[in-house]
Amino acid sequence: MEQPPPSPPPTANSPQWSGLNGDLLEKIAKCIDTRTNILHFRAVCTTWRSSIPLPPKTSLPPLIKLPFPIGPNPRLNPKRRGHFTLKESTIFSIEPITKISNSYYSTTKTWLIKIEFLTASNEPNTKVLLKEPLSRFAFEGLNQKLPKVLNLLDYKVSEVSKVCGLEFVAVGKNPDEIDFNEMKSIRIRKVVVSDSKKDQDFAVMAVHTGAKLGVWKMGDKKWTNIDDGRERALYDDAVYYKGKFYAVDITGLAISVDSSMKIKKVARRLPCFGFGHGGQFKYLVKSPDELFLVDKYYDVEREMFEDERVDSDSESSDFPLYLMVYKLNEEECEWVMVESLGDLALFVGDDCSFCVSVKDYVGCKANCVYFTEDSFSRGGRDDYPGYDTGLFDLEDGTASPLSAFPGYSKVFWPPPTWLKANSCSSDKTAVTSAFNQKLQITGHSP
(Lines give C-alpha, C1' and ligand atoms only; values in the text may rest on other atoms or scores of the structure.)
Protein backbone atom coordinates (compact mmCIF):
# COMPACT_ATOMS: atom_id res chain seq x y z
CA MET A 1 0.00 0.00 0.00
CA GLU A 2 1.56 3.29 -1.12
CA GLN A 3 2.05 6.12 1.35
CA PRO A 4 -0.66 8.74 0.66
CA PRO A 5 0.63 12.14 -0.54
CA PRO A 6 0.80 14.90 2.07
CA SER A 7 -2.31 17.04 2.43
CA PRO A 8 -2.12 20.54 0.95
CA PRO A 9 -1.92 23.41 3.44
CA PRO A 10 -5.34 24.80 4.43
CA THR A 11 -6.60 27.91 2.67
CA ALA A 12 -9.26 30.44 3.49
CA ASN A 13 -11.73 28.47 1.36
CA SER A 14 -10.83 25.06 2.83
CA PRO A 15 -13.74 23.30 4.57
CA GLN A 16 -13.55 23.46 8.35
CA TRP A 17 -14.43 19.86 9.16
CA SER A 18 -14.29 20.41 12.90
CA GLY A 19 -17.08 22.97 12.59
CA LEU A 20 -19.68 20.65 11.09
CA ASN A 21 -23.08 20.80 12.74
CA GLY A 22 -23.66 18.17 15.44
CA ASP A 23 -26.98 17.08 13.89
CA LEU A 24 -25.25 16.48 10.56
CA LEU A 25 -22.49 14.45 12.23
CA GLU A 26 -25.12 12.33 13.95
CA LYS A 27 -26.87 11.63 10.62
CA ILE A 28 -23.55 10.65 9.03
CA ALA A 29 -22.71 8.34 11.94
CA LYS A 30 -26.05 6.51 11.53
CA CYS A 31 -25.02 5.60 7.97
CA ILE A 32 -21.77 3.97 9.10
CA ASP A 33 -22.14 0.21 9.12
CA THR A 34 -19.48 -1.03 11.57
CA ARG A 35 -18.21 -0.15 15.02
CA THR A 36 -14.64 0.10 13.72
CA ASN A 37 -15.59 2.72 11.14
CA ILE A 38 -17.46 4.71 13.79
CA LEU A 39 -14.32 4.70 15.94
CA HIS A 40 -12.32 6.01 13.00
CA PHE A 41 -15.00 8.62 12.34
CA ARG A 42 -14.75 9.81 15.97
CA ALA A 43 -10.98 9.95 15.69
CA VAL A 44 -10.99 12.74 13.08
CA CYS A 45 -11.04 15.52 15.68
CA THR A 46 -12.10 16.38 19.22
CA THR A 47 -15.37 17.96 18.04
CA TRP A 48 -16.45 14.83 16.19
CA ARG A 49 -15.48 12.65 19.14
CA SER A 50 -17.57 14.72 21.56
CA SER A 51 -20.55 14.74 19.16
CA ILE A 52 -20.73 10.99 18.54
CA PRO A 53 -21.15 8.58 21.47
CA LEU A 54 -18.83 5.63 21.84
CA PRO A 55 -20.43 2.64 20.05
CA PRO A 56 -21.15 -0.57 21.99
CA LYS A 57 -18.68 -3.42 21.59
CA THR A 58 -21.39 -5.76 20.34
CA SER A 59 -24.09 -5.20 17.74
CA LEU A 60 -26.51 -7.43 19.65
CA PRO A 61 -29.38 -6.10 21.76
CA PRO A 62 -28.24 -6.02 25.41
CA LEU A 63 -29.16 -8.46 28.19
CA ILE A 64 -31.11 -10.97 26.13
CA LYS A 65 -32.13 -14.25 27.77
CA LEU A 66 -33.21 -16.92 25.30
CA PRO A 67 -35.28 -19.96 26.33
CA PHE A 68 -33.64 -23.31 27.15
CA PRO A 69 -33.85 -25.90 25.69
CA ILE A 70 -34.45 -25.07 22.03
CA GLY A 71 -36.14 -28.36 21.26
CA PRO A 72 -37.13 -31.58 23.04
CA ASN A 73 -34.35 -33.98 24.02
CA PRO A 74 -35.43 -37.13 25.91
CA ARG A 75 -31.88 -37.50 27.26
CA LEU A 76 -31.88 -34.03 28.86
CA ASN A 77 -31.83 -34.14 32.66
CA PRO A 78 -35.25 -32.85 33.81
CA LYS A 79 -33.57 -31.03 36.70
CA ARG A 80 -31.41 -28.92 34.40
CA ARG A 81 -32.57 -25.32 34.42
CA GLY A 82 -31.21 -22.21 32.77
CA HIS A 83 -31.28 -19.99 29.71
CA PHE A 84 -29.11 -19.01 26.76
CA THR A 85 -27.25 -15.75 26.23
CA LEU A 86 -25.90 -14.54 22.90
CA LYS A 87 -22.15 -14.14 22.45
CA GLU A 88 -20.58 -12.33 19.53
CA SER A 89 -17.12 -12.51 17.97
CA THR A 90 -15.75 -10.37 15.16
CA ILE A 91 -13.38 -11.31 12.36
CA PHE A 92 -11.08 -8.37 11.62
CA SER A 93 -8.71 -7.63 8.77
CA ILE A 94 -5.60 -5.72 9.85
CA GLU A 95 -3.22 -4.22 7.29
CA PRO A 96 -0.27 -1.85 7.55
CA ILE A 97 -0.92 1.76 6.61
CA THR A 98 2.42 2.11 4.85
CA LYS A 99 3.96 -0.11 2.18
CA ILE A 100 5.57 -3.32 3.43
CA SER A 101 9.32 -3.45 2.81
CA ASN A 102 9.60 -7.20 3.53
CA SER A 103 9.72 -9.75 0.75
CA TYR A 104 6.41 -11.23 -0.36
CA TYR A 105 6.85 -14.59 1.38
CA SER A 106 8.26 -13.39 4.70
CA THR A 107 5.01 -12.03 6.13
CA THR A 108 1.38 -11.58 5.25
CA LYS A 109 0.00 -8.30 3.93
CA THR A 110 -3.40 -8.98 5.53
CA TRP A 111 -3.80 -10.48 9.00
CA LEU A 112 -7.19 -12.02 9.75
CA ILE A 113 -8.04 -12.42 13.42
CA LYS A 114 -11.17 -13.46 15.26
CA ILE A 115 -11.72 -11.87 18.65
CA GLU A 116 -14.33 -11.70 21.37
CA PHE A 117 -14.65 -8.53 23.44
CA LEU A 118 -14.29 -9.13 27.17
CA THR A 119 -14.57 -5.63 28.66
CA ALA A 120 -17.26 -2.98 28.88
CA SER A 121 -17.69 -0.20 26.32
CA ASN A 122 -16.67 2.61 28.65
CA GLU A 123 -13.24 1.16 29.47
CA PRO A 124 -10.36 2.90 27.64
CA ASN A 125 -8.44 -0.29 26.88
CA THR A 126 -10.45 -3.09 25.32
CA LYS A 127 -9.51 -6.58 26.47
CA VAL A 128 -10.17 -9.20 23.79
CA LEU A 129 -9.87 -12.97 23.44
CA LEU A 130 -8.16 -14.41 20.37
CA LYS A 131 -10.09 -17.32 18.87
CA GLU A 132 -9.66 -19.91 16.13
CA PRO A 133 -10.78 -18.07 12.95
CA LEU A 134 -12.95 -20.87 11.54
CA SER A 135 -14.00 -22.46 14.83
CA ARG A 136 -15.60 -21.51 18.13
CA PHE A 137 -12.57 -22.34 20.28
CA ALA A 138 -10.15 -19.96 21.99
CA PHE A 139 -6.40 -20.50 22.33
CA GLU A 140 -4.21 -20.67 25.39
CA GLY A 141 -0.55 -19.78 25.72
CA LEU A 142 -0.31 -17.33 22.82
CA ASN A 143 0.42 -14.23 24.89
CA GLN A 144 4.18 -14.35 24.46
CA LYS A 145 3.82 -14.21 20.66
CA LEU A 146 1.31 -11.37 20.55
CA PRO A 147 1.73 -7.64 21.15
CA LYS A 148 0.41 -6.79 24.59
CA VAL A 149 -1.57 -3.89 23.17
CA LEU A 150 -2.70 -3.21 19.62
CA ASN A 151 -3.36 0.41 18.68
CA LEU A 152 -5.91 0.42 15.86
CA LEU A 153 -4.84 3.90 14.75
CA ASP A 154 -1.54 2.39 13.59
CA TYR A 155 -3.22 0.13 11.02
CA LYS A 156 -5.92 -0.14 8.41
CA VAL A 157 -8.62 -2.13 10.22
CA SER A 158 -11.91 -3.40 8.82
CA GLU A 159 -14.60 -5.75 10.05
CA VAL A 160 -14.96 -8.79 7.81
CA SER A 161 -17.72 -10.74 9.52
CA LYS A 162 -19.69 -11.20 12.74
CA VAL A 163 -20.04 -14.60 14.40
CA CYS A 164 -22.68 -15.46 17.01
CA GLY A 165 -23.11 -18.30 19.44
CA LEU A 166 -25.34 -19.36 22.33
CA GLU A 167 -23.93 -19.88 25.81
CA PHE A 168 -25.88 -21.86 28.40
CA VAL A 169 -26.30 -20.15 31.79
CA ALA A 170 -27.39 -22.46 34.61
CA VAL A 171 -30.04 -21.15 37.01
CA GLY A 172 -30.49 -22.60 40.49
CA LYS A 173 -29.17 -26.00 41.48
CA ASN A 174 -28.23 -28.08 38.42
CA PRO A 175 -26.79 -31.60 38.10
CA ASP A 176 -23.00 -31.47 38.27
CA GLU A 177 -22.36 -33.87 35.41
CA ILE A 178 -23.48 -33.28 31.86
CA ASP A 179 -24.25 -36.39 29.84
CA PHE A 180 -22.94 -36.54 26.27
CA ASN A 181 -26.50 -36.56 24.91
CA GLU A 182 -27.31 -33.52 27.05
CA MET A 183 -24.50 -31.63 25.37
CA LYS A 184 -26.53 -31.66 22.16
CA SER A 185 -28.99 -29.31 23.86
CA ILE A 186 -26.31 -27.11 25.45
CA ARG A 187 -23.64 -26.83 22.73
CA ILE A 188 -25.53 -25.39 19.78
CA ARG A 189 -24.11 -26.25 16.38
CA LYS A 190 -24.76 -23.02 14.45
CA VAL A 191 -26.34 -19.67 15.37
CA VAL A 192 -27.22 -16.79 13.03
CA VAL A 193 -29.03 -13.53 13.82
CA SER A 194 -31.04 -11.06 11.78
CA ASP A 195 -29.48 -7.84 10.52
CA SER A 196 -32.11 -5.73 12.25
CA LYS A 197 -31.08 -4.93 15.81
CA LYS A 198 -34.40 -3.21 16.62
CA ASP A 199 -35.96 -5.07 19.51
CA GLN A 200 -39.25 -5.81 17.77
CA ASP A 201 -37.54 -7.17 14.62
CA PHE A 202 -34.62 -9.05 16.14
CA ALA A 203 -34.58 -12.82 15.51
CA VAL A 204 -32.22 -15.80 15.94
CA MET A 205 -32.02 -19.08 14.01
CA ALA A 206 -30.20 -22.10 15.44
CA VAL A 207 -29.23 -25.51 14.07
CA HIS A 208 -29.64 -27.56 17.24
CA THR A 209 -30.42 -31.00 18.66
CA GLY A 210 -30.76 -33.64 15.97
CA ALA A 211 -29.82 -31.18 13.18
CA LYS A 212 -33.18 -29.45 13.53
CA LEU A 213 -33.99 -25.75 13.04
CA GLY A 214 -35.40 -23.38 15.61
CA VAL A 215 -36.20 -19.66 15.42
CA TRP A 216 -36.60 -17.26 18.34
CA LYS A 217 -38.01 -13.75 17.93
CA MET A 218 -37.71 -10.97 20.48
CA GLY A 219 -40.37 -11.43 23.16
CA ASP A 220 -41.07 -15.11 22.44
CA LYS A 221 -41.43 -17.39 25.46
CA LYS A 222 -40.16 -20.41 23.51
CA TRP A 223 -38.42 -21.33 20.27
CA THR A 224 -40.45 -22.02 17.13
CA ASN A 225 -39.66 -25.33 15.47
CA ILE A 226 -39.21 -25.01 11.70
CA ASP A 227 -41.30 -27.74 10.10
CA ASP A 228 -40.78 -27.95 6.34
CA GLY A 229 -43.35 -30.72 5.95
CA ARG A 230 -40.92 -33.62 5.70
CA GLU A 231 -40.87 -36.50 8.15
CA ARG A 232 -37.11 -36.32 8.66
CA ALA A 233 -35.02 -33.23 7.80
CA LEU A 234 -31.40 -32.91 8.94
CA TYR A 235 -29.92 -29.44 8.50
CA ASP A 236 -26.23 -28.68 8.08
CA ASP A 237 -25.98 -24.89 7.99
CA ALA A 238 -27.85 -21.59 8.10
CA VAL A 239 -27.24 -17.91 7.21
CA TYR A 240 -29.13 -14.63 7.28
CA TYR A 241 -29.21 -13.23 3.74
CA LYS A 242 -31.13 -10.31 2.21
CA GLY A 243 -33.68 -10.06 5.00
CA LYS A 244 -34.38 -13.79 5.41
CA PHE A 245 -32.97 -16.85 7.12
CA TYR A 246 -31.70 -19.54 4.73
CA ALA A 247 -30.88 -23.11 5.72
CA VAL A 248 -29.58 -26.16 3.82
CA ASP A 249 -29.99 -29.80 4.77
CA ILE A 250 -27.73 -32.80 4.17
CA THR A 251 -29.25 -33.40 0.72
CA GLY A 252 -28.72 -29.85 -0.51
CA LEU A 253 -32.39 -28.92 -0.21
CA ALA A 254 -32.60 -25.30 0.96
CA ILE A 255 -35.39 -23.26 2.50
CA SER A 256 -35.91 -19.61 3.45
CA VAL A 257 -37.79 -18.29 6.48
CA ASP A 258 -39.00 -14.69 6.43
CA SER A 259 -39.95 -12.36 9.29
CA SER A 260 -43.53 -13.69 9.30
CA MET A 261 -42.16 -17.25 9.71
CA LYS A 262 -43.27 -18.22 6.20
CA ILE A 263 -41.23 -21.20 4.96
CA LYS A 264 -40.32 -21.47 1.28
CA LYS A 265 -38.26 -24.08 -0.56
CA VAL A 266 -35.63 -22.20 -2.55
CA ALA A 267 -33.47 -25.07 -3.90
CA ARG A 268 -34.14 -28.71 -4.66
CA ARG A 269 -31.81 -31.39 -3.31
CA LEU A 270 -28.60 -32.10 -5.21
CA PRO A 271 -28.38 -35.10 -7.56
CA CYS A 272 -27.82 -38.39 -5.78
CA PHE A 273 -24.25 -39.75 -5.92
CA GLY A 274 -22.48 -42.38 -3.86
CA PHE A 275 -23.75 -42.40 -0.30
CA GLY A 276 -26.33 -39.66 -0.76
CA HIS A 277 -27.03 -36.25 -2.23
CA GLY A 278 -23.61 -34.63 -2.54
CA GLY A 279 -20.81 -34.63 0.00
CA GLN A 280 -20.32 -35.17 3.70
CA PHE A 281 -21.06 -31.63 4.84
CA LYS A 282 -22.56 -28.49 3.34
CA TYR A 283 -21.74 -24.85 4.12
CA LEU A 284 -23.62 -21.69 3.14
CA VAL A 285 -21.59 -18.58 2.31
CA LYS A 286 -23.12 -15.22 1.45
CA SER A 287 -21.57 -12.54 -0.74
CA PRO A 288 -23.10 -9.18 -1.65
CA ASP A 289 -24.53 -10.68 -4.85
CA GLU A 290 -24.76 -14.46 -4.41
CA LEU A 291 -25.53 -17.18 -1.90
CA PHE A 292 -22.98 -19.98 -2.30
CA LEU A 293 -23.10 -23.62 -1.24
CA VAL A 294 -19.80 -25.40 -0.51
CA ASP A 295 -20.09 -29.19 -0.53
CA LYS A 296 -17.26 -31.25 1.01
CA TYR A 297 -16.49 -34.72 -0.35
CA TYR A 298 -13.96 -37.38 0.48
CA ASP A 299 -12.38 -39.51 -2.25
CA VAL A 300 -14.36 -42.58 -1.22
CA GLU A 301 -17.47 -40.61 -2.19
CA ARG A 302 -15.98 -39.23 -5.38
CA GLU A 303 -15.09 -42.72 -6.63
CA MET A 304 -18.80 -43.55 -6.62
CA PHE A 305 -19.71 -40.60 -8.84
CA GLU A 306 -20.95 -41.28 -12.30
CA ASP A 307 -20.82 -37.64 -13.23
CA GLU A 308 -18.67 -36.09 -15.97
CA ARG A 309 -18.33 -32.89 -13.92
CA VAL A 310 -15.89 -34.61 -11.54
CA ASP A 311 -12.81 -36.16 -13.10
CA SER A 312 -11.76 -38.94 -10.73
CA ASP A 313 -8.61 -39.62 -12.78
CA SER A 314 -7.31 -36.06 -12.50
CA GLU A 315 -4.13 -35.37 -10.58
CA SER A 316 -5.00 -34.84 -6.93
CA SER A 317 -3.27 -33.67 -3.78
CA ASP A 318 -2.07 -35.95 -1.01
CA PHE A 319 -5.28 -35.25 0.91
CA PRO A 320 -8.42 -37.18 -0.10
CA LEU A 321 -10.73 -34.17 -0.20
CA TYR A 322 -12.75 -32.46 -2.85
CA LEU A 323 -15.01 -29.42 -2.65
CA MET A 324 -17.76 -28.42 -5.05
CA VAL A 325 -19.18 -24.89 -5.10
CA TYR A 326 -22.67 -23.89 -6.20
CA LYS A 327 -24.65 -20.66 -6.27
CA LEU A 328 -28.36 -20.29 -5.62
CA ASN A 329 -30.79 -19.67 -8.47
CA GLU A 330 -33.90 -19.04 -6.41
CA GLU A 331 -36.15 -18.45 -9.41
CA GLU A 332 -35.37 -21.91 -10.79
CA CYS A 333 -35.21 -23.45 -7.30
CA GLU A 334 -31.79 -25.00 -7.92
CA TRP A 335 -28.09 -24.90 -7.12
CA VAL A 336 -25.93 -23.97 -10.13
CA MET A 337 -22.39 -25.30 -10.23
CA VAL A 338 -19.65 -22.64 -10.02
CA GLU A 339 -16.53 -23.33 -12.08
CA SER A 340 -14.65 -20.21 -10.97
CA LEU A 341 -14.99 -17.72 -8.12
CA GLY A 342 -12.98 -15.09 -9.94
CA ASP A 343 -11.29 -12.79 -7.43
CA LEU A 344 -13.35 -14.14 -4.51
CA ALA A 345 -12.12 -16.35 -1.66
CA LEU A 346 -14.59 -18.28 0.49
CA PHE A 347 -13.99 -19.17 4.14
CA VAL A 348 -16.05 -21.94 5.78
CA GLY A 349 -15.91 -23.25 9.34
CA ASP A 350 -18.00 -24.91 12.01
CA ASP A 351 -19.45 -21.66 13.40
CA CYS A 352 -18.95 -19.11 10.63
CA SER A 353 -18.55 -18.53 6.92
CA PHE A 354 -17.64 -15.42 4.95
CA CYS A 355 -16.48 -14.23 1.56
CA VAL A 356 -13.83 -11.65 0.60
CA SER A 357 -12.46 -10.14 -2.57
CA VAL A 358 -8.70 -10.53 -2.86
CA LYS A 359 -8.63 -7.07 -4.42
CA ASP A 360 -9.62 -5.70 -1.01
CA TYR A 361 -7.75 -8.25 1.12
CA VAL A 362 -4.27 -8.68 -0.29
CA GLY A 363 -2.75 -11.94 0.93
CA CYS A 364 -5.86 -14.06 0.41
CA LYS A 365 -5.78 -16.47 -2.54
CA ALA A 366 -8.39 -15.96 -5.25
CA ASN A 367 -10.66 -18.69 -6.61
CA CYS A 368 -10.13 -20.77 -3.48
CA VAL A 369 -12.05 -22.07 -0.49
CA TYR A 370 -10.44 -21.92 2.99
CA PHE A 371 -11.76 -24.72 5.20
CA THR A 372 -10.83 -26.83 8.22
CA GLU A 373 -9.95 -30.51 8.18
CA ASP A 374 -8.54 -32.71 10.95
CA SER A 375 -6.13 -34.50 8.60
CA PHE A 376 -4.24 -31.24 8.05
CA SER A 377 -3.12 -31.19 11.69
CA ARG A 378 -2.16 -34.82 12.19
CA GLY A 379 1.29 -35.21 13.67
CA GLY A 380 1.73 -31.45 13.97
CA ARG A 381 1.05 -28.66 16.43
CA ASP A 382 -2.50 -27.68 17.24
CA ASP A 383 -1.93 -24.61 19.39
CA TYR A 384 -2.12 -21.70 16.96
CA PRO A 385 -4.84 -20.12 14.77
CA GLY A 386 -5.35 -21.87 11.44
CA TYR A 387 -3.44 -25.03 12.44
CA ASP A 388 -6.00 -27.29 10.72
CA THR A 389 -6.90 -24.95 7.84
CA GLY A 390 -6.46 -25.86 4.21
CA LEU A 391 -7.11 -24.43 0.77
CA PHE A 392 -9.10 -25.95 -2.04
CA ASP A 393 -8.13 -24.48 -5.41
CA LEU A 394 -11.03 -24.49 -7.87
CA GLU A 395 -8.65 -24.09 -10.81
CA ASP A 396 -6.84 -27.41 -10.38
CA GLY A 397 -9.29 -29.17 -8.04
CA THR A 398 -6.78 -29.95 -5.29
CA ALA A 399 -6.84 -29.55 -1.51
CA SER A 400 -3.73 -28.94 0.59
CA PRO A 401 -2.81 -27.57 4.02
CA LEU A 402 -2.42 -23.82 4.22
CA SER A 403 1.32 -24.30 4.80
CA ALA A 404 1.65 -25.62 1.22
CA PHE A 405 0.86 -22.18 -0.23
CA PRO A 406 3.84 -19.79 0.20
CA GLY A 407 2.66 -16.22 0.22
CA TYR A 408 -0.76 -17.18 1.59
CA SER A 409 0.05 -19.47 4.53
CA LYS A 410 0.44 -16.72 7.15
CA VAL A 411 -2.93 -15.02 6.84
CA PHE A 412 -3.94 -16.33 10.32
CA TRP A 413 -0.60 -17.02 12.03
CA PRO A 414 2.06 -16.03 12.99
CA PRO A 415 1.47 -12.34 13.72
CA PRO A 416 2.94 -10.30 10.85
CA THR A 417 6.37 -8.75 11.27
CA TRP A 418 4.95 -5.27 10.68
CA LEU A 419 2.95 -5.38 13.92
CA LYS A 420 4.47 -2.92 16.35
CA ALA A 421 5.86 -4.47 19.52
CA ASN A 422 4.59 -1.52 21.53
CA SER A 423 1.23 -0.27 20.38
CA CYS A 424 2.15 3.37 20.59
CA SER A 425 4.67 5.79 22.02
CA SER A 426 3.95 7.44 25.35
CA ASP A 427 2.94 10.74 23.79
CA LYS A 428 0.11 9.02 21.87
CA THR A 429 -1.18 6.89 24.69
CA ALA A 430 -3.62 9.48 26.05
CA VAL A 431 -5.01 10.15 22.59
CA THR A 432 -5.58 6.51 21.66
CA SER A 433 -7.01 5.80 25.09
CA ALA A 434 -9.54 8.59 24.68
CA PHE A 435 -10.62 7.25 21.30
CA ASN A 436 -10.96 3.74 22.75
CA GLN A 437 -8.89 2.29 19.93
CA LYS A 438 -6.50 0.12 21.93
CA LEU A 439 -6.95 -3.64 22.13
CA GLN A 440 -5.37 -5.65 24.94
CA ILE A 441 -5.03 -9.18 23.58
CA THR A 442 -5.24 -12.26 25.75
CA GLY A 443 -4.68 -15.84 24.66
CA HIS A 444 -6.94 -17.53 27.19
CA SER A 445 -10.44 -17.30 28.57
CA PRO A 446 -11.00 -15.02 31.56
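1. In S7, alanine 206 is the bridge partner of valine 191. The strands involved, S6 (residues 190-193) and S7 (residues 203-208), pair in the antiparallel sense over 4 bridges. Pairing requires that DSSP finds at least two bridges between two strands. Strands are DSSP runs (E, at least two residues), numbered from the N terminus.

2. This is a predicted model, in which local features need pLDDT of at least 70 and side-chain atom pairs count only at pLDDT 80 or more, while totals for chains, interfaces and linings use all residues. Residues are numbered from 1 along each chain as its sequence is written, and side-chain values use heavy atoms, with hydrogens and water left out.

3. On its other pairing, S7 is joined to strand S8 (residues 212-217) by 6 bridges, and the two run antiparallel. Alanine 206 has glycine 214 as its bridge partner in S8. The hairpin of S7 and S8 has 3 residues between the strands, and glycine 210 takes a positive phi near 70° there.

4. S7 is mostly covered, with 6 of its 6 residues buried (under 20% relative accessible area, 1.4 Å probe, protein chains only). Ala203, Met205 and Val207 are buried on one side, and Val204, Ala206 and His208 are buried on the other.

5. A separate point concerns an open sheet of 5 strands with mixed pairing, in the order S21-S20-S22-S23-S24. Strand S21 (353-357) and strand S24 (398-401) each have a single partner strand, so one side of each is left without a neighbour in the sheet. Ignoring direction, neighbouring strands of this sheet are turned by 20° against each other on average; the axes are lines fitted to C-alpha atoms.

6. Within that sheet, S20 (residues 344-348) and S22 (residues 368-372) run parallel and are joined by 3 bridges. Tyrosine 370 in S22 stands opposite phenylalanine 347.

7. The largest nonpolar core has 34 residues, and those with the most contacts inside it include Val294, Val325, Trp335 and Phe392. Such a core is a set of buried Ala, Val, Leu, Ile, Met, Phe, Trp, Tyr and Cys residues joined through side-chain atoms within 4.5 Å. Among the elements that give two or more residues to this core are strand S17 (291-298), strand S18 (321-329), S20 and S22. The largest share, 7 residues, comes from S18.

8. Valine 294 touches Tyr283, Leu323, Val325, Leu346 and Val369, among others, not counting residues up to four places away in sequence. Contact here means heavy atoms within 4.5 Å.

Key
Axes fitted to C-alpha atoms, helices over the stretch in contact; angles between N-to-C directions. Buried < 20%, exposed > 50% of the residue type's maximum accessible area, 1.4 Å probe, protein only.
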